[in-house]
Amino acid sequence: SAINNTKMATAQKMKEMNPQLQIKKRWKHNAYLSKEPENIRIGHQMIDGATIPLEAMFRVPLYKRIGGIPVKIGETMMSHPHDVNAPAVQVISCHCDLEIFV
């Protein structure tokens, strides 16, 4: 969490100091870090590689397994993986990373 929060804060400061820069961010899902396939967050996997402007929010689908079948139950607007404003179900044990680029 600390690393992704720091990446986002650094990018925001860079944008503030250089408003002409077109800074983008990308959601990176690291499925290989999940030891059990049933623990992989489907919504995080779905947005893997999504690239948006720094100021935009990711629309992260939220799924729940019911009888072993994933069912979409909503979505969360997140600034980045491990967003401190996101619900715990989207953050705890998340293996995703934030990539920042110009």
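## A serine on the outside

Ser93 counts as exposed, because its relative accessibility is 57% and the cut-off for exposed is over 50%. Keep in mind as you look around that this is a predicted model. You can find Ser93 in the loop between α3 and β5. The backbone here is worth a look too: Ser93 is not a glycine, yet its phi is positive, near 60°. Most residues other than glycine have a negative phi.

## A histidine on the inside

His82 also has a positive phi, about 70°, although it is not a glycine. This residue sits in the loop between β4 and α3, a helix that covers residues 88-91. Is His82 buried or exposed? With a relative accessibility of 7%, His82 counts as buried, because buried means under 20%.

## The three-stranded sheet

In what order do the strands of the open sheet lie? The order is β2-β1-β5, three strands with antiparallel pairing. At the edges are β2 (51-53) and β5 (97-101), each of which pairs on one side only. From one strand to the next, the twist averages 30°.

Let's zoom in on one pair. β1, made of residues 24-28, pairs with β2 in the antiparallel sense over three bridges. Within this pair, Arg26 stands opposite Thr51 of β2. Helix α1 packs on the sheet, where it touches β1 and β5, and its direction makes about 20° with that of β5.

## A hairpin

Now turn to β3 and β4. These two strands run antiparallel and are joined by nine bridges. Together β3 and β4 form a hairpin, with two residues between them.

Thr76 counts as buried because its relative accessibility is 11%, and the cut-off for buried is under 20%. What does the side chain of Thr76 join through a polar contact of 3.2 Å? The partner is the side chain of Gln90. Leaving out residues up to four places away in sequence, Thr76 touches Phe58, Arg59, Val60, Ala86, Pro87 and Gln90.

In soluble globular proteins, nonpolar side chains tend to be buried together. Here the largest nonpolar core has 15 residues, and the members that touch the most others are Trp27, Ile47, Leu54, Phe58, Val60 and Met78. Helix α1 (2-17) and strand β3 (58-66) each supply at least two residues of this core.

Not counting residues up to four places away in sequence, Ile47 touches Trp27, Phe58, Arg59, Val60 and Pro61.

Cys94 is in no disulfide, and the nearest cysteine sulfur, that of Cys96, is 3.7 Å away.

Notes
Residues numbered from 1 in each chain as written. Predicted model: local features only at pLDDT ≥ 70, side-chain atom pairs only at ≥ 80, totals over all residues. Heavy atoms only, no water. Core = buried A, V, L, I, M, F, W, Y, C linked by side-chain atoms within 4.5 Å. Buried < 20%, exposed > 50% of the residue type's maximum accessible area, 1.4 Å probe, protein only. Helix = DSSP H or I, 4+ residues; strand = E, 2+ residues; numbered from the N terminus. Contact = heavy atoms within 4.5 Å. Polar contact = N/O pair within 3.5 Å; in protein donor to acceptor, adjacent residues only side chain to side chain. Pairing = 2+ DSSP bridges. Axes fitted to C-alpha atoms, helices over the stretch in contact; angles between N-to-C directions. Disulfide = S-S within 2.5 Å.
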